[in-house]
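Trainee: I am new to this structure. Please take me through one part of it closely, the aromatic cluster and what surrounds it.

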Amino acid sequence: MGSDIQPGTYRNSSSSNLCYWERLSGLSGEMGDLIANEVTEGQAVVTIAATDAAFSSTDCGRWELVE
């Protein structure tokens with residue numbers, strides 16, 4: 001992972017919208033780069049590994065490290 005987010009388990013602030021997040025092993029844009037993804041309503045929990053190349057989310061509010 002880059003300097004924007006450190007590996008660990010994160011929880012987002014509740015969102016009134018649907019939250020979409022994804023963990024990626026690469027940045028080619030190919031489906032093979034997708035490690036995990038989810039659409040949730042409200043609060044989500046995601047664990048980001050040190051080996052993840054990227055993490056992105058849309059309409060999830062703010063993420064905070066919990067572990």
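Mentor: We start with the sheet, go on to the rings and the core, and end at a nearby loop in the sequence.

First, the ground rules. This is a predicted model, where local features need pLDDT of at least 70, side-chain atom pairs count only at pLDDT 80 or more, and totals for chains, interfaces and linings use all residues. Residues are numbered from 1 along each chain as its sequence is written, and side-chain values use heavy atoms, with hydrogens and water left out.

Now the sheet. It is open, has three strands in the order 3-2-5, and pairs them antiparallel. Strands are DSSP runs (E, at least two residues), numbered from the N terminus. Two of them pair if DSSP finds at least two bridges between them. Strand 3 (34-41) and strand 5 (54-58) stand at the edges with a single partner strand each, so one side of each has no neighbour in the sheet. From one strand to the next, the twist averages 10 degrees; axes here are lines fitted to C-alpha atoms, and angles run from 0 to 180 degrees between N-to-C directions.

Strand 2 (residues 18-24) pairs with strand 5 in the antiparallel sense, over five bridges. Trp-21 has Ser-57 of strand 5 as its bridge partner.

Next, the rings. Trp-21, Phe-55 and Trp-63 make up one aromatic cluster. Rings of Phe, Tyr and Trp (its six-membered ring) pair if their centres lie within 6.5 Å; planes under 30 degrees apart are stacked, over 60 edge-to-face, and the rest tilted. That rule gives two aromatic pairs. Phe-55 and Trp-63 are edge-to-face, because their ring centres are 5.4 Å apart and their planes are at 85 degrees.

Are these two residues buried or exposed? Buried means under 20% relative accessible area, exposed over 50%, and partly exposed in between (1.4 Å probe, protein chains only). Phe-55 is buried at 17%. Trp-63 is buried too, at 16%.

Both belong to the largest nonpolar core, which has ten residues, including Trp-21, Tyr-10, Ala-44 and Val-46. Such a core is a set of buried Ala, Val, Leu, Ile, Met, Phe, Trp, Tyr and Cys residues joined through side-chain atoms within 4.5 Å. Strand 2 and strand 4 (45-48) each supply at least two residues of this core.

Leaving aside neighbours within four places in sequence, Trp-63 is in contact (heavy atoms within 4.5 Å) with residues including Arg-11, Asn-12, Cys-19 and Ser-57.

Last, the loop. Asp-59 lies between strand 5 and strand 6 (63-65). Asp-59 is not a glycine, yet has a positive phi of about 60 degrees. Asp-59 is partly exposed, at 46% relative accessibility.

Definitions and conventions: Helices (H or I, at least four residues) and strands (E, at least two) are DSSP runs, numbered from the N terminus.
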